[in-house]
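Try each task before you read its solution.

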Amino acid sequence: MFKRIRHRDEPSDLDTHITVPLLPLRDIVVFPSMVVPLFVGRDKSVNALERAMNTDKQIFLAAQKNAKTDNPGEKDIHRVGTLATILQLLRLPDGTVKVLVEGERRGRILSFLPQPDAFHVAVDLLDEAATTDPTEMEALRRGVRSAFESYSKHNKKITQEVLEAVAEIDDPSKLADTVAAYMPFKIEVKQKLLETVDPVRRLERLFGYIRAEIEIIKTEERIKGRVKKQMEKTQREYYLNEQMRAIQKEMGEKDDFKSELQELERRIKRKRLSKDAAAKVRQEFKKLKLMSPMSAEATVVRNYIDWILSLPWYEKTKDKLDIDAAARILDEDHYGLEKPKERILEYLAVQALVKKIKGPILCFVGPPGVGKTSLARSIARAMNRNFVRLSLGGVRDEAEIRGHRRTYIGAMPGKIIQSLRKVKSANPVFCLDEIDKMTMDFRGDPAAALLEVLDPEQNFAFNDHYLDLDYDLSSIFFITTANTLHAIPLPLQDRMEIIRLPGYTEVEKLEIAKGFLVRKQCEANGITEDNVVFSDESLLYIIRHYTKEAGVRNLEREIASICRKVAKEVVRHGPETRVELTEDIIQDYLGVPRFRYGRAEEKDEVGLAIGLAWTEVGGDILGIETLTMPGKGKILITGKLGDVMQESAKAAFSYVRNRAERLGIPKDFYEHLDLHVHVPEGAIPKDGPSAGITMATSMVSALTRIPVRSDVAMTGEITLRGRVLPIGGLKEKILAAHRGLIKTVLIPKDNAKDLKEIPAKILEEVNIELVEHMDDVLRKALALDDPDSLFREVPGEAQPVFFGSEKPSVTEDIQAH
């Protein structure tokens, strides 16, 4: 039974107002007199059908304004629809319902009645009586039938039976609805026809729509006729391809190649490529379709297309530009390293303001174990980018970077493109590890190939030999790592921003061990921090007596060794085992101490001066010995010294000869004495000019028999006239002096600016003396009660050191040398 309601505008006409369940339709308009099957899956729609079936099988059908709306509301549903009767309802296994409905009358929704699980609407059934002259009505009927018959000649889906059924319809309203139902109009057009209540007006509109549809079809046929000649070549190729496939099928070949081509074609349509890459892929795919699937060339082309489609041309991860969060992540992962961290935060800040900047190219230079590679990984985590690492150690083939051309058998892209395919994003953090370990041979220089990769002005169009296409690398954040700079070609250095990561101080190593290494190794070895107690004293003992490095890699190994032995104790005695480390226990676990802490000599020695050296693993103390022997003025230099260091020894010897008389050394000492200069640890190669003043001090001490202070170390290059020139690696050298318990360090005056890089705590414990001439070095280094008593006045020698009345500048001195 319908529920009768009163409409506010028409209180007298109660028979046309009904309440009925509503079924919203996504992409169909149902006309009166139509019998239509519908598939219903939405919960509210299924509930509406069930309520209709439980009453009188009446339901109101109204089209949605947007078919994509999954949960339509009142504003999403057209007001005019069709009252229909449910003829049949069938539930399908997947939960959906198939229903057969027949449209009966037009209706307009007056209001939506609140129901939680289904739509109910108050509907006004519309009167469709025609008031036009019968002659005009007949003319419209004939016109619509004629137009529909004309349209059927272009649409083979309209059968003769349909035309005969339409010809027998006399009612104008039913005729208009039946013809409109068979026409392929858009939903908007059909809705307009449904909303046109007057049959005459509806026939007029329908006649116009049919004529317009016929004109469109005729235009399409004319266009097809014009392009028919252009299509002949394509059709010919198509028929040939079909014949080739038929032959292959007769020969027993499977349809795998066909399905593979279809899959490739789908991937090409879905993949977003650059303009050149898209054109290249279409060209190669066209060639592939003409090839035999068993040919070697088809495999090459197939692999080439697959490589292009697998690369991330425009797929990028979204950067996280929160500077505070990035700083927190970097501090969590690494202790210290302020300069590289600050540079990363600067980049994030600029990117947040500019939105699009070229990816920076940083080069972390430092000794092994200071955290260069792990810092690059942390940078990727802080920026929310993918991370990819490529080790360049031992790479000596240019094709490793640029790839091989496709003419070679087994050709592949270079490591850069391969890594991007693996990481699946166009803006990762890309770590090029050990860039100073590359070599070159007859196959080319990989460092030269990297010039384009690491140049922000060129890498937006990097051309891999295999792809032979321009690929944009400018969004990549490149980070390179190296132990030394001298092995990196200067043009490559010029393209990178060099950030030095110096070695850690003992204090920094202690903090790193407490904050990172102990916890990491306890977890890795299955024990807790309650099972083993690493006190500050025990960690310092391990650092001083079992490691000798700038980084913390060996320190982590020693901590891991202790954790393994404690794990054995835990398994043997139970999880409550607790080991508090002492020196004796550490020696039981790690063996006899391998290094003696404090390398300073216990007493002042004649001819023994302490120098400071820089190595790839940090700074080191370098003792230099000089002995005098009867001879003819020869100088013997041993200790596996390089050419530069041997020249420093000769320059120091010339200075001593020049200053012999003022130093109280016989002027002709070289006529009856030989000097033997030796640098211990002779198996280790040594080179560089910074040991010049140390050699000169050792020679003067040996010749004057005045001891050198054992608590003084020195570094600096010497000129023939005794000038002390600046050196490099000052921080590492002073850290080595601090480890060796040296109290005073003599450095060139021009290196005063480098003291800012040295931790304040180190400067408090080590006395830094600035020197600019060798005379100053001797005054401070030799064990004398009165330093000025070392030098004697030489009659007739006004200024024995400098030539001219004024002291030359450092630049002039270098030029003179």
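**Exercise 1.** Which side chain meets aspartate 170 in a salt bridge?

*Solution.* Before we start, note that this is a predicted model, in which local features need pLDDT of at least 70, side-chain atom pairs count only at pLDDT 80 or more, and totals for chains, interfaces and linings use all residues. Residues are numbered from 1 along each chain as its sequence is written, and side-chain values use heavy atoms, with hydrogens and water left out.

Step 1: recall the rule. A salt bridge is a side-chain nitrogen of Lys or Arg within 4 Å of a carboxyl oxygen of Asp or Glu. By this rule the model has 36 salt bridges.

Step 2: find the partner. Aspartate 170 pairs with arginine 145, at 3.8 Å from N to O.

Step 3: Aspartate 170 sits in the loop between helix H3 (160-167) and helix H4 (172-182), while arginine 145 belongs to helix H2 (residues 134-152), so the bridge ties together parts that are 25 residues apart in sequence. Helices here are DSSP runs (H or I, at least four residues), as are strands (E, at least two), numbered from the N terminus.

Step 4: check the exposure. Buried means under 20% relative accessible area, exposed over 50%, and partly exposed in between (1.4 Å probe, protein chains only). Aspartate 170 is exposed at 54%, whereas arginine 145 is buried at 17%.

**Exercise 2.** Are aspartate 177 and arginine 202 buried or exposed? Work out how they are connected, too.

*Solution.* Step 1: aspartate 177 has a relative accessible area of 1%, so it is buried. Arginine 202 also counts as buried, at 1%.

Step 1: the two form a salt bridge, with their closest N and O atoms 3.0 Å apart. This pair links distant parts of the chain, as aspartate 177 is in helix H4 and arginine 202 in helix H6, 25 residues apart.

**Exercise 3.** Where in the chain do glutamate 284 and arginine 406 lie?

*Solution.* Step 1: start with the contact. Their side chains meet in a salt bridge at 3.7 Å, N to O.

Step 1: locate them. Glutamate 284 is in helix H8 (residues 275-289) and arginine 406 in the loop between helix H13 (399-402) and helix H14 (415-423), so the bridge joins parts 122 residues apart in sequence.

Step 2: Glutamate 284 is buried at 2%, and arginine 406 is partly exposed at 27%.

Step 3: look for shared partners. Salt bridges connect Arg106, Asp177 and Arg202 into one network.

**Exercise 4.** In which helix is glutamate 338 found?

*Solution.* Step 1: glutamate 338 is in helix H11 (residues 338-354), and it is exposed, with a relative accessible area of 55%.

Step 1: now turn to leucine 501. Glutamate 338 and leucine 501 are 163 residues apart in sequence and 9.3 Å apart in space, C-alpha to C-alpha.

**Exercise 5.** What is the radius of gyration of the protein?

*Solution.* Step 1: the radius is taken over C-alpha atoms, and the globule rule is 2.2 Å times the number of residues to the power 0.38. The protein has 45 Å, but a compact globule of 817 residues would have a value near 28 Å.

Step 1: The C-alpha atoms fill a box of roughly 145 × 70 × 60 Å along the principal axes.

Step 2: finish with the contents. The protein has 26 helices and 25 strands, and buried residues make up 48% of its 817 residues.
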